[in-house]
Amino acid sequence: MLDSKLTFIATAAAGLEGLCKRELLRLGFADARAELGSVRFTATLTEAFRACLWLSCADRVLLVMAEGECRSFEALFQLVKAAPWSEVLPRDAAMPVSGRCARSQLMSVRDCQAITKKALVEHMMGAYRTGTLPETGPRYQVDTALHHDMARVTLDLCGDALNRRGYRTWNGEAPLRETAAAALVTLSGWRGDTPLHDPCCGTGTLLIEAAFRAARRAPGLTRAFDAERWTGMDTAALREIREDAKKQYDPALIPSVSGSDISQEALTLARRHIRQAGLEGKIRVFREDLRDLSLAEENICFLTNPPYGERLGDRKQCESLYRQMKPLLLRHPGSRLCVITSHPGFERVAGLRARKKTRLYNGRLECNFMRF
Ligand SMILES: C[S@@+](CC[C@H](N)C(=O)[O-])C[C@H]1O[C@@H](n2cnc3c(N)ncnc32)[C@H](O)[C@@H]1O
């Protein structure tokens, strides 16, 4: 089974499924198909590991082990028990089970987890002809998700979610998730051939993701994935995929990428993250109020996640900042601005009309990403 084509799901935040699908197509997964909150594709486990390493805006890559309608615990039990667990999991696999239920008859997450575990253990004991499963081996995270009475039982290849690139260990206030930041870099249309500046850079996430993109750095290059420790994986092939990604990474391709912020604490975090991302000397950050910002470069792509007036500061303060966006553009002729905010009146307050708008979520907040 490990060498055959299997079905995978790359999960993504609402609004990012299309981008995630495009990334998968570009990586060569020709049958990638967007669904609500995820993209489905077929691949071998080795190929799916490449997706883990390279996807920039997906949250997780999951191997689908079973899917079907479940309106009773018995149906869920039978569905899980019949899945080919022992073809993937070794006898000593650690098998934690997580779960989610929405709009279904089975709404107790705890019970669904317990039923899944019971069925899985019964399958494994039967397949390995044993009365004990030590669970001392590599981790195979199982997840049972019920939605509209359809159960999807998966194995998580990632371990930590894909936004954990390994560089962000200190969180500032209202930071953007790495996966969301990578999506904004894509949506901005920036191709890495002009300067990029974030005038409200906070802890530097947008800058780091932009620099990674310009340098062709696989987002997961320096982190580990659970699937790399799975029994029976083709370790030579996985090593080759990592080596190829290392070869493609070229920091010399990074053009001028810089950021500024009014908060010294945020900048301290940004510098730490930049260092941890291995980008010291490649990204410049400095303290400056957006109102006073004036850069020597031309053709700048200003890409930013300013305060929304919901989580940081009050609305009036953030609106006074929005009013400074147009003067910022006027001070930098030939430059463009890309902004994400949940404030519905950004265009009116800033006196700017978006050329393009995309609706997406930053955490739980519904936002617009606008290009000017
Ligand atoms: C939502 S946070 C940005 C988060 C950032 N994208 C990250 O991932 O950490 C907004 C940032 O705008 C900064 N800010 C607020 N008013 C500003 C001003 N007048 N000039 C520059 N930065 C400002 C805040 O200090 C804060 O770091």
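I noted the ground rules. This is a predicted model, where local features need pLDDT of at least 70 and side-chain atom pairs pLDDT 80 or more, while totals for chains, interfaces and linings use all residues. Residues are numbered from 1 along each chain as its sequence is written.

**H3 and H4.** I took helices (H or I, at least four residues) and strands (E, at least two) as DSSP runs, numbered from the N terminus. H3 (residues 73–81) packs on H4 (residues 109–127) at about 40°, axes 8 Å apart. On the H3 side, I listed Phe73, Leu76, Phe77, Val80 and Lys81 in the contact (C-beta atoms, placed from the backbone, within 7 Å). H4 contributes residues including Asp111, Ile115, Ala119 and His123.

**H2.** I checked burial next. Eight of the 10 residues of H2 (residues 45–54) are buried, so the helix is largely enclosed by the rest of the structure (buried: 20 or more other C-beta atoms within 10 Å of a residue's own). Among them are Phe49, Arg50 and Trp54. The buried residues pack against S1 (6–11), H1 (17–26), S3 (38–43), S4 (60–69) and H7 (235–248).

**Ligand.** I found 21 residues around the ligand (C-beta atom within 6 Å). Cys200, Gly202, Thr203, Thr205 and Ser263 come nearest.

Key
Axes fitted to C-alpha atoms, helices over the stretch in contact; angles between N-to-C directions. Contact = placed C-beta atoms within 7 Å. Buried ≥ 20, exposed ≤ 12 C-beta atoms within 10 Å, placed from the backbone.
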